[in-house]
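Here is a short note for a colleague who is meeting this structure for the first time. Please read the numbered points with the view open.

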Amino acid sequence: MRIAVYGASGFTGALVAAEARRRGIEPVLVGRDVVRLRKTSEDIGVPDAALRIASLDEIQEMATIFTECDAVVNCAGPFTRWGEPVLRAAITAGRHYVDTSGEQHHIHRTFDEFSSAAEQSGTTAVPGATDDGVPGDLIAQLAAARVSSIREVLIADLRLPGGVSRGTARSMLAVSGSGGLEFRDGAWHPDAGGTIEPVIPPGQDQPAALRVFALPGVVTVPRHVTAGRVRGAIRAEVATLFEGLTEEMAETIPEVVPMQARQDGQWLMFARVTGVNGESVSGWVTGPDAYGLTAVIAVETARRLVEVGAPAGVLAPAQAVDPADFLRYLASAGARWQVGED
Ligand SMILES: NC(=O)c1ccc[n+]([C@@H]2O[C@H](COP(=O)([O-])OP(=O)(O)OC[C@H]3O[C@@H](n4cnc5c(N)ncnc54)[C@H](OP(=O)(O)O)[C@@H]3O)[C@@H](O)[C@H]2O)c1
(Lines give C-alpha, C1' and ligand atoms only; values in the text may rest on other atoms or scores of the structure.)
Protein backbone atom coordinates (compact mmCIF):
# COMPACT_ATOMS: atom_id res chain seq x y z
CA MET A 1 0.00 0.00 0.00
CA ARG A 2 1.20 3.54 -0.82
CA ILE A 3 0.11 6.80 0.79
CA ALA A 4 0.84 10.23 -0.69
CA VAL A 5 1.67 12.68 2.12
CA TYR A 6 1.14 16.24 0.89
CA GLY A 7 3.10 18.68 3.09
CA ALA A 8 5.49 15.91 4.13
CA SER A 9 8.22 18.52 4.70
CA GLY A 10 6.33 19.96 7.70
CA PHE A 11 6.36 18.75 11.31
CA THR A 12 3.12 16.75 11.11
CA GLY A 13 3.74 15.56 7.55
CA ALA A 14 7.11 14.09 8.56
CA LEU A 15 5.49 12.29 11.50
CA VAL A 16 2.81 10.91 9.17
CA ALA A 17 5.40 9.70 6.63
CA ALA A 18 7.44 8.05 9.42
CA GLU A 19 4.33 6.39 10.87
CA ALA A 20 3.36 5.05 7.44
CA ARG A 21 6.80 3.48 7.00
CA ARG A 22 6.60 2.03 10.55
CA ARG A 23 3.30 0.35 9.52
CA GLY A 24 4.83 -1.14 6.36
CA ILE A 25 3.04 1.39 4.13
CA GLU A 26 5.13 3.14 1.49
CA PRO A 27 4.98 6.93 1.94
CA VAL A 28 5.29 9.11 -1.16
CA LEU A 29 6.49 12.52 0.02
CA VAL A 30 4.74 15.32 -1.89
CA GLY A 31 5.17 19.09 -1.62
CA ARG A 32 6.43 22.23 -3.28
CA ASP A 33 10.09 22.12 -2.22
CA VAL A 34 12.33 19.19 -3.18
CA VAL A 35 15.14 20.29 -0.85
CA ARG A 36 12.87 20.24 2.18
CA LEU A 37 11.27 16.95 1.12
CA ARG A 38 14.68 15.31 0.68
CA LYS A 39 15.78 16.55 4.12
CA THR A 40 12.59 15.08 5.63
CA SER A 41 13.17 11.71 3.97
CA GLU A 42 16.69 11.63 5.44
CA ASP A 43 15.62 12.91 8.88
CA ILE A 44 12.96 10.21 9.26
CA GLY A 45 15.27 7.45 8.04
CA VAL A 46 13.64 6.77 4.66
CA PRO A 47 16.21 8.23 2.22
CA ASP A 48 14.86 5.93 -0.49
CA ALA A 49 11.30 7.35 -0.23
CA ALA A 50 9.73 8.60 -3.47
CA LEU A 51 9.66 12.41 -3.65
CA ARG A 52 7.13 14.19 -5.86
CA ILE A 53 6.90 17.93 -6.51
CA ALA A 54 3.64 19.79 -7.10
CA SER A 55 2.57 23.22 -5.92
CA LEU A 56 -0.97 23.98 -4.91
CA ASP A 57 -1.86 25.58 -8.25
CA GLU A 58 -0.92 22.36 -10.09
CA ILE A 59 -4.06 20.34 -9.41
CA GLN A 60 -3.72 18.09 -12.47
CA GLU A 61 -0.05 17.33 -11.64
CA MET A 62 -1.05 16.54 -8.04
CA ALA A 63 -3.86 14.27 -9.28
CA THR A 64 -1.40 12.40 -11.52
CA ILE A 65 0.92 11.86 -8.54
CA PHE A 66 -2.00 10.72 -6.38
CA THR A 67 -3.06 8.08 -8.93
CA GLU A 68 0.25 6.29 -8.13
CA CYS A 69 -1.00 5.92 -4.54
CA ASP A 70 -3.91 4.30 -2.71
CA ALA A 71 -4.75 7.29 -0.50
CA VAL A 72 -3.73 10.87 0.26
CA VAL A 73 -2.96 12.39 3.65
CA ASN A 74 -2.89 16.18 3.48
CA CYS A 75 -0.79 17.89 6.18
CA ALA A 76 -0.34 21.32 4.54
CA GLY A 77 -2.03 23.92 6.71
CA PRO A 78 -3.52 26.36 7.42
CA PHE A 79 -6.26 24.38 5.67
CA THR A 80 -8.62 27.35 5.56
CA ARG A 81 -6.04 28.85 3.18
CA TRP A 82 -4.39 25.86 1.46
CA GLY A 83 -6.66 22.85 1.99
CA GLU A 84 -8.90 22.95 -1.06
CA PRO A 85 -6.48 22.19 -3.98
CA VAL A 86 -5.16 18.96 -2.43
CA LEU A 87 -8.70 17.76 -1.70
CA ARG A 88 -9.75 18.63 -5.25
CA ALA A 89 -6.77 16.72 -6.68
CA ALA A 90 -7.55 13.65 -4.55
CA ILE A 91 -11.16 13.68 -5.77
CA THR A 92 -9.98 14.14 -9.38
CA ALA A 93 -7.67 11.13 -8.93
CA GLY A 94 -10.42 9.10 -7.20
CA ARG A 95 -8.18 8.45 -4.19
CA HIS A 96 -9.29 8.42 -0.56
CA TYR A 97 -8.42 11.59 1.34
CA VAL A 98 -7.60 12.30 4.98
CA ASP A 99 -6.33 15.59 6.41
CA THR A 100 -4.87 16.80 9.68
CA SER A 101 -6.94 19.94 9.93
CA GLY A 102 -8.20 21.22 13.25
CA GLU A 103 -9.94 24.16 11.56
CA GLN A 104 -13.71 23.84 12.01
CA HIS A 105 -14.58 26.08 9.05
CA HIS A 106 -12.41 24.06 6.65
CA ILE A 107 -14.04 20.83 7.84
CA HIS A 108 -17.53 22.33 7.56
CA ARG A 109 -16.78 23.56 4.04
CA THR A 110 -15.40 20.17 3.02
CA PHE A 111 -18.77 18.56 3.88
CA ASP A 112 -20.79 21.37 2.29
CA GLU A 113 -18.91 21.81 -0.97
CA PHE A 114 -17.24 18.47 -1.74
CA SER A 115 -19.68 15.74 -0.65
CA SER A 116 -21.30 15.20 -4.03
CA ALA A 117 -18.01 15.40 -6.00
CA ALA A 118 -16.46 12.84 -3.64
CA GLU A 119 -19.48 10.55 -3.97
CA GLN A 120 -19.39 10.79 -7.77
CA SER A 121 -15.67 9.93 -7.95
CA GLY A 122 -15.94 7.06 -5.45
CA THR A 123 -13.64 8.89 -3.02
CA THR A 124 -14.03 8.85 0.76
CA ALA A 125 -12.76 12.03 2.44
CA VAL A 126 -12.27 12.31 6.20
CA PRO A 127 -11.17 15.82 7.15
CA GLY A 128 -9.93 16.51 10.70
CA ALA A 129 -8.11 13.18 11.33
CA THR A 130 -6.27 14.53 14.37
CA ASP A 131 -5.82 14.04 18.10
CA ASP A 132 -8.93 16.13 18.84
CA GLY A 133 -11.10 15.57 15.77
CA VAL A 134 -11.17 11.76 15.81
CA PRO A 135 -11.20 10.90 19.56
CA GLY A 136 -13.77 13.68 20.20
CA ASP A 137 -16.09 12.43 17.45
CA LEU A 138 -15.76 8.74 18.37
CA ILE A 139 -16.26 9.18 22.11
CA ALA A 140 -19.31 11.40 21.50
CA GLN A 141 -20.78 8.67 19.31
CA LEU A 142 -20.22 6.00 21.99
CA ALA A 143 -21.76 8.19 24.72
CA ALA A 144 -24.70 9.14 22.47
CA ALA A 145 -25.46 5.46 21.78
CA ARG A 146 -26.51 5.16 25.46
CA VAL A 147 -29.05 8.03 25.42
CA SER A 148 -32.31 7.47 23.60
CA SER A 149 -33.47 11.04 22.93
CA ILE A 150 -30.72 13.66 23.03
CA ARG A 151 -31.17 17.29 24.01
CA GLU A 152 -27.54 18.40 23.89
CA VAL A 153 -24.00 17.19 23.22
CA LEU A 154 -21.02 19.08 24.63
CA ILE A 155 -17.59 18.25 23.20
CA ALA A 156 -14.72 19.70 25.19
CA ASP A 157 -10.96 19.66 24.65
CA LEU A 158 -9.78 19.62 28.27
CA ARG A 159 -6.02 19.56 27.72
CA LEU A 160 -3.91 22.02 29.69
CA PRO A 161 -1.81 24.61 27.86
CA GLY A 162 1.21 22.88 26.28
CA GLY A 163 3.66 22.85 23.39
CA VAL A 164 2.23 23.66 19.97
CA SER A 165 4.03 23.76 16.60
CA ARG A 166 4.46 26.90 14.51
CA GLY A 167 2.09 25.29 11.98
CA THR A 168 -0.61 24.95 14.65
CA ALA A 169 -0.11 28.58 15.72
CA ARG A 170 -0.41 29.74 12.10
CA SER A 171 -3.60 27.71 11.69
CA MET A 172 -5.08 29.19 14.88
CA LEU A 173 -4.33 32.67 13.53
CA ALA A 174 -5.90 31.80 10.16
CA VAL A 175 -9.25 31.17 11.88
CA SER A 176 -9.04 33.73 14.68
CA GLY A 177 -11.92 36.15 14.71
CA SER A 178 -14.14 33.94 12.54
CA GLY A 179 -16.04 32.55 15.54
CA GLY A 180 -17.23 29.02 16.17
CA LEU A 181 -20.35 27.23 15.02
CA GLU A 182 -22.97 25.45 17.06
CA PHE A 183 -25.47 22.91 15.74
CA ARG A 184 -29.03 23.80 16.73
CA ASP A 185 -32.48 22.80 15.45
CA GLY A 186 -31.11 20.79 12.54
CA ALA A 187 -28.55 23.29 11.18
CA TRP A 188 -25.25 25.01 11.94
CA HIS A 189 -25.28 28.62 13.19
CA PRO A 190 -22.68 30.99 14.63
CA ASP A 191 -22.37 29.93 18.28
CA ALA A 192 -24.54 32.24 20.32
CA GLY A 193 -21.94 32.26 23.12
CA GLY A 194 -23.14 32.50 26.71
CA THR A 195 -21.96 30.32 29.53
CA ILE A 196 -20.81 26.74 29.37
CA GLU A 197 -20.95 24.96 32.69
CA PRO A 198 -17.52 24.03 34.07
CA VAL A 199 -16.58 20.35 33.85
CA ILE A 200 -14.56 18.32 36.34
CA PRO A 201 -11.94 16.62 34.15
CA PRO A 202 -11.57 12.87 34.73
CA GLY A 203 -9.10 12.09 37.52
CA GLN A 204 -9.22 15.67 38.89
CA ASP A 205 -11.26 17.24 41.68
CA GLN A 206 -11.44 20.88 40.56
CA PRO A 207 -13.81 22.03 37.81
CA ALA A 208 -12.26 23.48 34.66
CA ALA A 209 -13.68 26.78 33.42
CA LEU A 210 -14.72 26.44 29.75
CA ARG A 211 -15.16 28.78 26.81
CA VAL A 212 -16.97 28.12 23.54
CA PHE A 213 -14.48 27.04 20.85
CA ALA A 214 -14.65 26.02 17.17
CA LEU A 215 -13.94 22.31 17.63
CA PRO A 216 -14.20 19.87 14.68
CA GLY A 217 -16.72 17.72 16.58
CA VAL A 218 -19.42 20.39 16.33
CA VAL A 219 -19.37 19.81 12.57
CA THR A 220 -18.85 16.04 12.54
CA VAL A 221 -20.96 14.72 15.45
CA PRO A 222 -24.36 15.86 14.06
CA ARG A 223 -23.58 13.78 10.95
CA HIS A 224 -24.18 10.61 12.98
CA VAL A 225 -25.87 11.68 16.24
CA THR A 226 -29.39 13.12 16.31
CA ALA A 227 -29.31 15.91 18.90
CA GLY A 228 -31.11 19.20 19.53
CA ARG A 229 -27.85 21.04 20.06
CA VAL A 230 -24.09 20.35 19.72
CA ARG A 231 -21.46 22.75 21.09
CA GLY A 232 -17.70 22.78 21.49
CA ALA A 233 -15.49 24.19 24.25
CA ILE A 234 -11.91 24.37 25.49
CA ARG A 235 -10.39 25.39 28.80
CA ALA A 236 -10.73 29.13 29.35
CA GLU A 237 -6.98 29.56 29.92
CA VAL A 238 -6.17 27.90 26.58
CA ALA A 239 -8.74 30.10 24.80
CA THR A 240 -7.10 33.16 26.36
CA LEU A 241 -3.68 32.04 25.06
CA PHE A 242 -5.01 31.58 21.51
CA GLU A 243 -6.71 35.00 21.64
CA GLY A 244 -3.44 36.67 22.64
CA LEU A 245 -1.52 35.10 19.74
CA THR A 246 -0.12 37.51 17.13
CA GLU A 247 1.59 36.81 13.79
CA GLU A 248 4.91 37.97 15.23
CA MET A 249 4.56 35.57 18.18
CA ALA A 250 3.58 32.65 15.91
CA GLU A 251 6.72 33.08 13.79
CA THR A 252 8.94 32.78 16.90
CA ILE A 253 7.45 29.36 17.79
CA PRO A 254 9.76 26.47 16.72
CA GLU A 255 8.51 24.35 13.81
CA VAL A 256 8.98 21.13 15.78
CA VAL A 257 7.64 20.35 19.28
CA PRO A 258 10.46 18.49 21.10
CA MET A 259 9.79 14.85 22.03
CA GLN A 260 10.04 15.56 25.79
CA ALA A 261 7.31 18.23 25.59
CA ARG A 262 5.20 15.87 23.46
CA GLN A 263 5.50 13.10 26.03
CA ASP A 264 4.88 15.44 29.01
CA GLY A 265 1.63 16.88 27.61
CA GLN A 266 -1.60 14.88 27.85
CA TRP A 267 -4.39 15.41 25.32
CA LEU A 268 -7.89 14.90 26.74
CA MET A 269 -11.17 14.89 24.82
CA PHE A 270 -14.47 14.86 26.70
CA ALA A 271 -18.08 14.45 25.55
CA ARG A 272 -21.23 14.83 27.64
CA VAL A 273 -24.55 13.76 26.13
CA THR A 274 -27.69 14.99 27.89
CA GLY A 275 -31.09 13.43 27.24
CA VAL A 276 -34.40 15.26 27.02
CA ASN A 277 -35.26 14.07 30.54
CA GLY A 278 -32.01 15.43 32.01
CA GLU A 279 -30.14 12.11 32.22
CA SER A 280 -26.53 12.27 31.01
CA VAL A 281 -23.72 10.02 29.82
CA SER A 282 -20.09 11.21 29.59
CA GLY A 283 -17.06 9.81 27.86
CA TRP A 284 -13.40 10.76 27.76
CA VAL A 285 -10.29 9.74 25.84
CA THR A 286 -6.78 10.71 26.88
CA GLY A 287 -3.12 9.93 26.22
CA PRO A 288 0.34 11.41 25.63
CA ASP A 289 1.95 12.96 22.54
CA ALA A 290 -0.84 14.70 20.63
CA TYR A 291 1.25 15.17 17.46
CA GLY A 292 2.46 11.55 17.42
CA LEU A 293 -1.15 10.44 17.93
CA THR A 294 -2.31 12.59 15.01
CA ALA A 295 0.14 10.71 12.77
CA VAL A 296 -1.12 7.35 14.09
CA ILE A 297 -4.75 8.43 13.52
CA ALA A 298 -4.19 9.85 10.03
CA VAL A 299 -2.33 6.76 8.80
CA GLU A 300 -4.73 4.26 10.38
CA THR A 301 -7.76 6.14 9.01
CA ALA A 302 -6.25 6.11 5.51
CA ARG A 303 -5.34 2.43 5.85
CA ARG A 304 -8.90 1.52 6.91
CA LEU A 305 -10.41 3.53 4.04
CA VAL A 306 -8.29 1.51 1.60
CA GLU A 307 -8.29 -1.94 3.21
CA VAL A 308 -11.64 -2.05 5.08
CA GLY A 309 -13.59 0.44 2.95
CA ALA A 310 -16.23 3.06 3.72
CA PRO A 311 -19.01 4.73 1.74
CA ALA A 312 -17.93 7.33 -0.82
CA GLY A 313 -18.43 10.96 0.19
CA VAL A 314 -17.21 13.23 2.96
CA LEU A 315 -17.53 11.36 6.26
CA ALA A 316 -17.24 12.06 9.96
CA PRO A 317 -14.73 9.78 11.74
CA ALA A 318 -17.52 7.67 13.28
CA GLN A 319 -19.05 7.17 9.82
CA ALA A 320 -15.71 6.04 8.37
CA VAL A 321 -14.47 3.66 11.08
CA ASP A 322 -15.96 1.55 13.85
CA PRO A 323 -15.69 3.85 16.92
CA ALA A 324 -14.91 1.30 19.66
CA ASP A 325 -12.60 -0.73 17.46
CA PHE A 326 -10.67 2.37 16.40
CA LEU A 327 -10.28 3.58 20.01
CA ARG A 328 -9.05 0.09 20.98
CA TYR A 329 -6.46 0.40 18.22
CA LEU A 330 -5.34 3.77 19.67
CA ALA A 331 -4.46 2.00 22.95
CA SER A 332 -1.30 0.92 21.10
CA ALA A 333 -0.38 4.63 21.06
CA GLY A 334 -1.11 5.04 24.79
CA ALA A 335 -4.77 6.13 24.57
CA ARG A 336 -7.21 5.29 27.40
CA TRP A 337 -10.95 5.88 27.27
CA GLN A 338 -14.14 5.38 29.24
CA VAL A 339 -17.88 5.97 28.83
CA GLY A 340 -20.42 5.91 31.65
CA GLU A 341 -23.63 7.31 33.15
CA ASP A 342 -23.09 10.51 35.22
N1 LIG B 1 -5.14 18.55 16.62
C2 LIG B 1 -5.01 19.26 15.52
O3 LIG B 1 -5.90 20.01 15.19
C4 LIG B 1 -3.76 19.14 14.68
C5 LIG B 1 -2.73 18.26 15.02
C6 LIG B 1 -1.60 18.22 14.20
C7 LIG B 1 -1.51 19.06 13.07
N8 LIG B 1 -2.54 19.89 12.79
C9 LIG B 1 -2.49 20.81 11.63
O10 LIG B 1 -1.66 20.29 10.59
C11 LIG B 1 -1.13 21.40 9.85
C12 LIG B 1 0.38 21.22 9.76
O13 LIG B 1 0.96 21.52 11.00
P14 LIG B 1 2.55 21.49 11.13
O15 LIG B 1 2.90 21.80 12.52
O16 LIG B 1 3.05 20.24 10.51
O17 LIG B 1 2.95 22.73 10.18
P18 LIG B 1 4.30 22.98 9.39
O19 LIG B 1 5.45 22.30 10.02
O20 LIG B 1 4.36 24.47 9.18
O21 LIG B 1 4.07 22.28 7.96
C22 LIG B 1 3.24 22.85 7.00
C23 LIG B 1 3.38 22.06 5.71
O24 LIG B 1 2.52 22.67 4.75
C25 LIG B 1 3.27 23.02 3.61
N26 LIG B 1 2.76 24.24 3.05
C27 LIG B 1 2.42 25.38 3.71
N28 LIG B 1 2.02 26.32 2.84
C29 LIG B 1 2.09 25.75 1.61
C30 LIG B 1 1.81 26.23 0.30
N31 LIG B 1 1.36 27.48 0.07
N32 LIG B 1 2.02 25.38 -0.74
C33 LIG B 1 2.48 24.12 -0.54
N34 LIG B 1 2.77 23.62 0.68
C35 LIG B 1 2.58 24.44 1.73
C36 LIG B 1 4.68 23.23 4.10
O37 LIG B 1 5.57 23.11 3.00
P38 LIG B 1 7.06 23.75 3.02
O39 LIG B 1 7.90 22.83 3.85
O40 LIG B 1 7.44 23.75 1.58
O41 LIG B 1 6.92 25.11 3.63
C42 LIG B 1 4.79 22.10 5.12
O43 LIG B 1 5.08 20.89 4.47
C44 LIG B 1 -1.55 22.66 10.60
O45 LIG B 1 -2.70 23.20 9.97
C46 LIG B 1 -1.91 22.16 11.99
O47 LIG B 1 -2.86 22.97 12.64
C48 LIG B 1 -3.66 19.93 13.55
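**Notes on the model**

1. Pro78 lies in the loop between strand S4 (71-74) and helix H4 (79-93), where helices (H or I, at least four residues) and strands (E, at least two) are DSSP runs, numbered from the N terminus. The peptide bond that leads from Gly77 to Pro78 is cis, with omega near -5 degrees. Most peptide bonds are trans, and most residues other than glycine have a negative phi.

2. Some reading conditions apply: this is a predicted model, in which local features need pLDDT of at least 70 and side-chain atom pairs count only at pLDDT 80 or more, while totals for chains, interfaces and linings use all residues. Residues are numbered from 1 along each chain as its sequence is written, and side-chain values use heavy atoms, with hydrogens and water left out.

3. Asp185 is not a glycine, yet it has a positive phi of about 50 degrees, and it sits in the loop between strand S8 (181-184) and strand S9 (187-190). Asp289, also not a glycine, has a positive phi of about 55 degrees and lies in the loop between strand S13 (280-288) and helix H12 (290-307). Asp185 counts as exposed at 67% relative accessibility, whereas Asp289 is buried at 11%; buried means under 20% relative accessible area, exposed over 50%, and partly exposed in between (1.4 Å probe, protein chains only).

4. Ala8 is found in the loop between strand S1 (2-6) and helix H1 (11-22), and it is buried, with a relative accessible area of 0%. Which residues is Ala8 in contact with, leaving aside its neighbours within four places in sequence? They are Gly13, Ala14, Leu29, Val30, Leu37 and Thr40, contact meaning heavy atoms within 4.5 Å.

5. The domain assignment, which is automatic or from a database, gives domain 1 (2-130 + 293-324) and domain 2 (135-289). Their centres, taken over C-alpha atoms, are separated by 23 Å, and 27 residues of domain 1 are in contact with 29 residues of domain 2. Between them the domains bury about 2,300 Å², 69% of it on carbon and sulfur atoms; buried area is the accessible area (1.4 Å probe) that two parts lose on being put together, summed over both. Phe11, Gln104 and Leu293 supply 29% of the area that domain 1 buries against domain 2, more than any other three residues.
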